[in-house]
Each structure stands twice: as structure tokens, then as C-alpha cells.
Amino acid sequence: MFYNREAAGFRKKLSMQTIYLRKKIAPRIENGHPWIFANEVDLARSASASTPPAGDIVEVRNGFDKFVGYGYINPKSQILVRLLSRNQKDVIDEAFFHRRIAEAWAYRQHIGYTENCRLIFGEAD
């Protein structure tokens with residue numbers, strides 16, 4: 001699920017689930033790869049009462065409980081989680097996506113693409 005801002009800072013909603021990576025896999029993700037495959041998840045630590053529905057936002061942590069990022073989950077795909085942000089302070093909501101799209105457009109304008117270009121390029125943006 002999404003985050004709520006509170007006076008004390010950011011706090012997870014109780015329904016957000018945490019996915020833990022296997023220890024040998026974590027370095028690949030921590031070094032920048034945005035995809036987490038289903039076989040890379042430590043199922044014993046990530047187990048919960050129910051599997052989150054496709055599209056839910058999950059928190060990803062490595063095998064040492066260190067924050068890795070936030071991503072959306074798709075239990076029906078081999079790519080279980082696609083990371084959206086590696087910033088623990090990010091709030092994944094509508095404003096997050098508006099900001100990321102605006103940043104992508106500003107970057108394209110900066111490098112000279114103003115008439116025709118691919119505005120969003122998957123995990124690169």
C-alpha cells in the first residue's frame with residue numbers, strides 16, 4: 001500500500017508487506033538492478049498471512065534487514081518485484097509518479113529532445 005505523512009515523519013501502513021532477499025542475491029540488487037525474481041526472495045522471512053495482490057507496493061530489504069527499496073509486486077510474474085525507488089523517504093503515491101514523469105521530460109529537454117521522443121523508458125527513468 002501507500003504511505004501516509006505524519007508529524008513524526010513517514011510511517012508505513014500496517015498493510016505494507018516486506019520482502020526479504022536471499023543473502024547471495026542482495027548485492028546484485030543493491031548494485032542497481034531494478035528487478036527481483038521470485039526465486040531470489042527468502043520465502044521463510046517474507047511469509048505473511050496472504051500474498052499481496054498484483055500492483056501493491058512492497059518494501060524490499062536484504063538478508064541483513066537493510067532497506068533496499070520500494071517496488072510493486074506481481075505474484076503471477078517471474079519478476080516478482082520491480083523497484084520504483086531506493087529512497088526510504090519517498091512516498092509512493094500519485095505525486096511520486098507525477099514528479100518522476102516531470103523529471104524524465106526535463107531531462108529529455110535538457111539533452112535536446114523536444115519534438116519527438118520516448119517520454120518514459122521503463123526502468124531507466
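Which residue in β6 is the bridge partner of Ile57? In this predicted model, local features require pLDDT of at least 70 and side-chain atom pairs count only at pLDDT 80 or more, whereas totals for chains, interfaces and linings use all residues. Residues are numbered from 1 along each chain as its sequence is written, and side-chain values use heavy atoms, with hydrogens and water left out.

The bridge partner of Ile57 in β6 is Tyr72. Strands β5 (residues 57-61) and β6 (residues 67-73) are antiparallel and are joined over five bridges; strands are DSSP runs of E with at least two residues, numbered from the N terminus, and two of them pair if DSSP finds at least two bridges between them. Both belong to an open, mixed sheet of five strands, ordered β3-β5-β6-β7-β4. Its edges are formed by β3 (18-20) and β4 (35-37), each of which pairs on one side only.

Five salt bridges are present in the structure, a salt bridge being a side-chain nitrogen of Lys or Arg within 4 Å of a carboxyl oxygen of Asp or Glu. Glu59, Arg61 and Asp65 are linked in a network of such contacts. The Glu59 and Arg61 side chains meet at 2.9 Å, N to O, while the closest N and O atoms of Asp65 and Arg61 are 3.9 Å apart. Arg61 counts as buried because its relative accessibility is 16%, and Asp65 counts as partly exposed at 38%; buried means under 20% relative accessible area, exposed over 50%, and partly exposed in between (1.4 Å probe, protein chains only). Asp90 and Arg99 form a further salt bridge, with closest N and O atoms 3.4 Å apart. Asp90 is buried at 14% relative accessibility, whereas Arg99 is partly exposed at 35%.

Note on methods:
Helices (H or I, at least four residues) and strands (E, at least two) are DSSP runs, numbered from the N terminus.
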